[in-house]
Amino acid sequence: MIPKETVDRILDAARIVDVVGDFVSLKRRGANFTACCPFHNEKTPSFYVSPAKGIYKCFGCGKSGTAVGFIMEHENLTYVEALRFLARKYNIEIVEKEESAEEIAQRQRSESLHLVSEFAAGFFRDCLKTGEGRAVGYAYFKSRKLEDASIEKFGLGWAPSGRHVLADAAKEAGYKDEFLLDTGLCVKRDDGSLLDRFYDRVMFPIHSVSGRVIAFGGRTLRTDKTVAKYVNSPETEIYVKSRSLYGIYFAKNEISRQDRCYLVEGYLDVISMHQIGITNVVASSGTSLTVEQIRLIRKFTSNITIIYDGDSAGIHAALRGIGLVLKEGMNVKVVLLPDGDDPDSYSHKHTLPEVQDFIRSHEQDFISFKTDILMGQAGDDPLKKADLINDIADTIALIPDAVKRSVYVEACSGKFNIESQLLFDRIHHTRTDMLLSERKQQENRQRKEQESQEAYDMPVSSEEAGAALPPDSRTSGMKEDGITLTDPFLAPCEKELLGFVLEHGDRLLEFDRDSEFYQEDGQQTTVAEFIDSALAADEAEFSNAVYKKVYDEYFTMYDEGLPQDRIQNRLLNSMDRETAMVAADILVEKYMITVENYRNSLTSIGTQLVIFVPKAVLAYQVKRIEKKLKSLSAELAGAEDDPDMQTRILNEIALWNKAKVMINNKLGR
């Protein structure tokens with residue numbers, strides 16, 4: 001079996017646009033991409049790819065899924081074979097082995113670490129509303145011109161001045177010392193008691209791509225030089241600095257839509273730019289830019305604009321980042337702000353149009369940027385000028401695409417009035433050295449892989465083999481969009497209810513006081529809980545096995561406390577092909593509103609859910625009654641020779657019809 005951590009690495013690396021783009025020609029349309037479907041003949045494109053959601057969907061033939069699902073469908077591979085295919089594409093080593101009890105425990109432990117981190121995030125947010133929090137932390141945020149909406153959006157908080165306030169609150173809530181220590185939220189004293197790592201600081205939670213809190217940064221407001229300005233979470237099992245970007249969860253959709261990511265340095269740089277309306281921005285806080293961070297951005301766009309301070313540190317960081325970005329096959333531009341300004345301060349001094357105009361007018365490609373920066377150091381010295389040209393040529397050599405290299409060579413040749421062949425020769429020499437070095441590394445990896453395979457050569461697990469079977473071999477019934485339906489009559493209603501659960505299951509339903517669903521104690525219920533309670537009250541279960549399977553899997557994870565987007569991701573990447581197809585079919589938006597004014601005029605999602613979720617439940621009840629009436633009619637036709645049975649059936653039909661009329665009246669039918 002492929003270990004879970006390896007599967008996660010493959011899924012994280014697999015960029016849907018890259019994977020699908022290897023087989024079809026994609027064209028951008030807004031935040032998405034379109035193409036003619038590779039699974040059926042068509043002249044008008046109905047095949048959509050959503051980079052933000054990581055899924056594809058054809059509205060012609062109905063096929064849908066994630067990058068893994070696409071490879072399974074297109075290449076006719078099993079789930080495990082598709083994972084291996086993607087692992088080869090992204091140079092990820094696979095060492096297969098049986099999942100041990102320890103590994104199962106490790107998965108559970110990882111979830112516990114997430115839950116403790118999310119508890120701490122809520123604790124810090126609540127502390128910001130206390131007397132101390134408002135007087136110190138909130139006052140600081142307001143002094144930095146942060147609006148309440150921004151404070152709420154990014155979950156900013158306050159760590160109280162007491163040394164064990166968080167530890168006491170967490171233990172009272174039932175969290176173990178082990179997880180408080182292993183998340184880095186607490187440290188242990190010599191006597192075994194716990195102290196808070198973060199105290200008397202404003203707090204910045206760090207989120208994963210899926211929106212889960214994985215770490216924190218805390219800033220002191222003291223002027224005492226002996227106190228560290230920032231204290232950050234240590235690296236843990238759920239937080240690796242080099243693979244995390246501050247703000248990526250809030251920026252990923254806009255990065256995909258704009259097809260560009262702005263990269264800044266600090267927490268406040270991100271928040272302030274989001275606040276003025278530039279939301280496709282992230283920061284590499286706490287670490288220099290890394291290859292893993294660039295690959296994370298590449299899942300959403302191939303274009304990065306680095307916006308750093310105009311001081312020497314900012315220039316040095318930009319120069320280092322250029323090579324890393326280019327080597328990953330991405331396009332990079334650089335914007336240096338006026339000396340003395342950072343994105344935070346600059347965004348507060350200027351309006352949104354002014355900031356956008358400045359970025360557009362000051363963006364430079366790496367040749368112009370390096371020339372402007374280094375030419376001043378070279379002056380009229382011909383040797384230093386030659387070093388500059390060689391430096392730029394070596395940077396061009398990092399670009400994987402030969403056509404792009406050629407274009408940059410011509411640009412550099414024209415800028416320095418030097419023969420392009422000289423540059424090509426230099427680039428060829430540099431790339432040869434690079435390839436030799438990479439080949440040695442590859443040989444070392446292959447040798448280690450072979451040794452590992454000999455040590456851990458295990459067969460594919462029976463569960464994986466079963467998941468790879470085609471749907472027809474597991475169940476029978478009518479197929480719709482590749483999904484087997486065992487009860488087509490109830491399928492539309494069950495799909496609608498499942499859609500509400502998968503898309504909005506964690507949203508609260510805020511019923512008015514005059515609603516029959518309003519609870520007198522004022523407690524609110526989520527969409528998922530409302531639907532599940534309604535079905536349980538009727539002792540009803542989904543008739544279509546595939547919908548019931550997805551529904552049950554959802555609630556297993558929901559009861560474990562997993563956030564909505566995490567549940568969605570697990571369902572989309574399920575080993576069970578039908579589960580993944582159902583999830584993708586429901587979660588892909590068929591129609592996308594692009595006119596902003598029209599979008600803003602629509603009724604809010606919350607209002608729509610209050611109206612339509614109860615109606616969907618009632619409509620399902622009507623359909624189930626109609627199915628029962630059909631069954632009773634068939635029984636009646638077969639009871640011609642039994643007057644007593646006919647009377648019983650007719651009475652039962654009358655009762656069911658009465659119930660149907662009552663529900664239709666509620667629906668306004």
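Predicted model: local features only at pLDDT ≥ 70, side-chain atom pairs only at ≥ 80, totals over all residues.
Figure 1. Strand E15 covers residues 331–336, and its pairing with E16 is antiparallel, over 2 bridges. Both strands belong to an open sheet of 5 strands with mixed pairing, whose order is E13-E12-E14-E15-E16. Strand E13 (281–283) and strand E16 (364–365) are at the edges; each has a single partner strand, so one side of each has no neighbour in the sheet.

**Figure 2. The buried face of helix H1.** Helix H1 spans residues 4–13, and its buried residues are Thr6, Val7, Ile10 and Leu11. Viewed down the axis of H1, these residues fall within an arc of 135°, so they line one face of the helix. Helix H3 (67–75) and helix H4 (79–89) are among the elements that cover the buried residues of H1.

**Figure 3. Asp200, a residue with positive phi.** The phi angle of Asp200 is positive, about 55°, although Asp200 is not a glycine. Asp200 is found in the loop that runs between strand E8 (194–196) and strand E9 (201–207). Is this residue buried or exposed? Asp200 has a relative accessible area of 17%, so it counts as buried, the cut-off being under 20%.

**Figure 4. Asp259, in a loop between a helix and a strand.** Asp259 is not a glycine either, and its phi is positive, near 55°. The loop that holds Asp259 lies between helix H10 (248–258) and strand E12 (261–264). With a relative accessible area of 22%, Asp259 is partly exposed.

Figure 5. The side chains of Asp391 and Lys370 meet in a salt bridge, with a distance of 2.7 Å from N to O. Asp391 is in helix H17 (residues 382–397) and Lys370 is in helix H16 (residues 366–378); the pair links distant parts of the chain, 21 residues apart. Asp391 is partly exposed, at 31% relative accessibility, whereas Lys370 is buried, at 7%.

Figure 6. Asp487 and Lys627 form a salt bridge through their side chains, 2.4 Å from N to O. Asp487 sits in the loop between strand E18 (483–485) and helix H21 (491–504), while Lys627 is in helix H27 (residues 605–637), so the pair ties together parts that are 140 residues apart in sequence. The relative accessible area of Asp487 is 8%, so this residue is buried. Lys627 is partly exposed, at 35% relative accessibility.

Figure 7. Lys623 forms a salt bridge with Glu626, and their closest N and O atoms are 4.0 Å apart. Both residues lie in helix H27, 3 residues apart, which is about one turn of the helix. Lys623 is partly exposed, with a relative accessible area of 27%. Glu626 is also partly exposed, with a relative accessible area of 22%.

**Figure 8. A network of salt bridges.** Which residues are linked in a network of salt bridges? They are Arg109, Glu178, Asp182 and Glu237. The count of salt bridges in the model comes to 28.

How values were computed. Residues numbered from 1 in each chain as written. Heavy atoms only, no water. Helix = DSSP H or I, 4+ residues; strand = E, 2+ residues; numbered from the N terminus. Buried < 20%, exposed > 50% of the residue type's maximum accessible area, 1.4 Å probe, protein only. Pairing = 2+ DSSP bridges. Arc of directions from axis to C-beta. Contact = heavy atoms within 4.5 Å.
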